[in-house]
Amino acid sequence: MKQYIKVDGWNIIEEGFVPHYNKISESIFSLGNGRMGQRANFEEAYSGETLQGNYVAGVYYPDKTRVGWWKNGYPEYFAKVLNAANWIGIGIRIEEEELDLHKARVTDFSRILNMQEGYLQRNFTATLASGKQVKVTATRFCSIADDETGAIRYSITPLNFEGNVQVTAYIDGDIKNQDANYDEKFWEETGASIQHTSAYITLKTKKTGFQVCTGMQFNIYQDAKPMALNVTPVQKEKYVGVVTTVRVNNQQETVIYKYAANLSSENHAVEALANNCEIAVGKAAAKGFETMLKEQAAAWAIKWKESDIIIEGDPAAQQGIRFNIFQLNQTYTGEDARLNIGPKGFTGEKYGGSTYWDTEAYCIPFYLATAEPQVARNLLIYRYKQLGKAIENAARLGFNNGAALYPMVTMNGEECHNEWEITFEEIHRNAAIAFAIFNYIRYTGDAAYLAEYGTEVLIGIARFWAQRVNWSDARGQYVMLGVTGPNEYENNVNNNWYTSTMATWCLQYATEALQYVKETAAGRYDAIIRTTAFDAGKELEKWQHVIDNMYYPVDEQLGVFLQQDGYLDKEQILVKDLDPAQRPLNQKWSWDRILRSCYIKQADVLQGLYFLEDRYDMDTLRRNFDFYEPRTVHESSLSPCVHAILAAKLGDEKRAHEFYLRTSRLDLDDYNNDTEDGLHITSMAGTWMSVVEGFAGMRVRDGQLQFTPFLPGKWESFAFSIRFRGRILKVKVSKQDVTIENDATKDITVLIYGEAVHVAAGATVTSKQGNLVN
């Protein structure tokens, strides 16, 4: 764990330049706006260790699968969001010396990510080999007010000399993904132009044919006045730039403004791409940096009003939750139903930027409560539109009759992950998609979604589960063989409790959905039956037989659900008894040793108890939590949040707070020694859940919102806003009371500690130790 980020409520601050931490900081200080993203690379040259990263949403490449032993059924490619043209480049040469922080002596270095207003600022003083000193302040942002543009203000001030500074503003498209399987470059140039201080380049992806035009325009100011520039164009393969030389005086500030745009053929006709890019860049430059920055601050003010969580009394916790919310809002806005959420967002290449089950299991609750209902609905529709591909994926593995297996990793609905234990065994992702439909309807009350989209997806998923189980004559029950549960430190196990439990839950929910649509939308029901060729009598009978006769591993003596058959055969050494030098296991142990151990990467049985908590009494929850938590190493980013929520429900406030701090500061403190690969975006939604579902105890039962809050750790209070069925509620929990403000035009009745509380439109109600005060 590293703790070099200074604690601050609204800012992420790094003081002092440590090259060894640079890739970690490049992830932490990343910027994005839902349409594009940029790691915190330097504008000027840097020859030290770095991961250059600029990403454009929806643009990907099917990198050919690389495996040592091909297995029938493997996908032929792993889809990857591409490292796109570097638009931030500003080369600086002072006389004959290049400004490069890897070669210069760096002092007074700081990086500040202003989360409140959505920009990154970097300051430093560099002493070159010649002894010349320059002070630099660089500020940039990806605009969420105009999500195809970004802007940079780059200020350079000589401290002990005067002379000439050569400035090169450029776009470099000759880049590649660090994770390219065959060291291949994925872009081809289709056009480029340079027009005085503007430059444009259009690149096309191989195979997929996406085109992206990246453009830039720059100008330079001295003494707050624009300079007349003599420029030299520079053009080479997949590169365009403009060079100019300016005279600088000692202590005189020279400011370079650079405006850029990334336009994709996903959103613009190919023939209009270059022209539209010129218009976008020109519009940004005409506004100017300060105007764009004000628009950015105003747009972020709206975001924070919708989604901020305010914590009093614990600055580290406050910084952690805001950082998580900030990155979630930078990654996905919900405005484009074609897009989804990659585990690393726009902050790195690991996991290819593809969609995983994380979206449905962890992200849906955040967007349900902090955005318009259409945002979460779009995430569900994304899967509906890929139902045909899910049926094809299942067919490739030998399933039939419209059975659907959603991919573990995807861009367009096709499976593109090539690890056996993931692609073929981690089939529980199907259940997460079904549960997301249930969760969306439970929260929004939008049961019409079942008739419009949901039931067809549920039928496909249920058909898969009905075929994936098999009857065991030995047990006289159905079993689920050869699976990998959420705990990826177990592969190819039989009867994973979570997978089997969620499978039968899916069968039951699909049955209920069909009945609901039949009763409420008969015409749509008939259409679904025809479209899916559903044999209601035969298929429902089979589903019910599986539900009634499924085998679940249980240890009666311990009173716990067993993670899978044979789990207790493993040597039961608890995590607390491990040598800390052996952690994290996935970086210290062989895979064989991990698989033979009892250690759990992330919530598995506990994931099921979190999803289906209403099925189980508190004693059952506590026994299972107390058994599995000491065996969990939390080496998945998705793990601590589930444990925090369950610990809170069980009244274990100390452990709930510990798990919250771990999930909220996972990247800021680099808990798992992997932040340099990119941030853990999808688990950040779990951090929000830890507060709202954990400490505030928010649940929706029978259409009614409920809260059972408590204050963790040294917190004085915490507050958050949520949307719920046309209302916007502001909730504050303090040591003295719980306050709910209804900032909407509709009344609502909620439960606080089990007591019904009516909150009129525009009113505020406070609960003081069970006594309600208006």
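**View 1. Residue classes in the lining of the largest pocket of this predicted model.** The lining has 11 nonpolar, 14 polar and 14 charged residues (Ala, Val, Leu, Ile, Met, Phe, Trp, Tyr, Cys and Pro count as nonpolar, Asp, Glu, Lys and Arg as charged, the others, Gly among them, as polar). A pocket is an open set of points on a 1 Å grid over the protein atoms alone, where a 1.4 Å probe fits, with protein on both sides within 12 Å along at least five of seven lines; lining residues have an atom within 4 Å of a point. Of the 39 lining residues, Lys350, Tyr351, Tyr356, Glu488 and Lys601 lie nearest the pocket centre.

**View 2. The aromatic pair Tyr384 and Tyr453.** The structure holds 50 aromatic pairs (ring centres of Phe, Tyr or the six-membered ring of Trp within 6.5 Å; planes under 30 degrees apart are stacked, over 60 edge-to-face, the rest tilted). Tyr384 and Tyr453 are edge-to-face, at 4.7 Å centre to centre and 70° between the planes.

**View 3. Arginines over aromatic rings.** A charge sits over a ring if NZ of Lys or CZ of Arg is within 6 Å of the ring centre and within 35 degrees of the ring normal. Arg322 lies over the face of Trp10, 3.6 Å from the ring centre. Arg631 lies over the face of Phe627, at 3.8 Å from the ring centre.

**Notes.** Residues are numbered from 1 along each chain as its sequence is written, and side-chain values use heavy atoms, without hydrogens and water. In this predicted model, local features need pLDDT of at least 70 and side-chain atom pairs count only at pLDDT 80 or more, while totals for chains, interfaces and linings use all residues.
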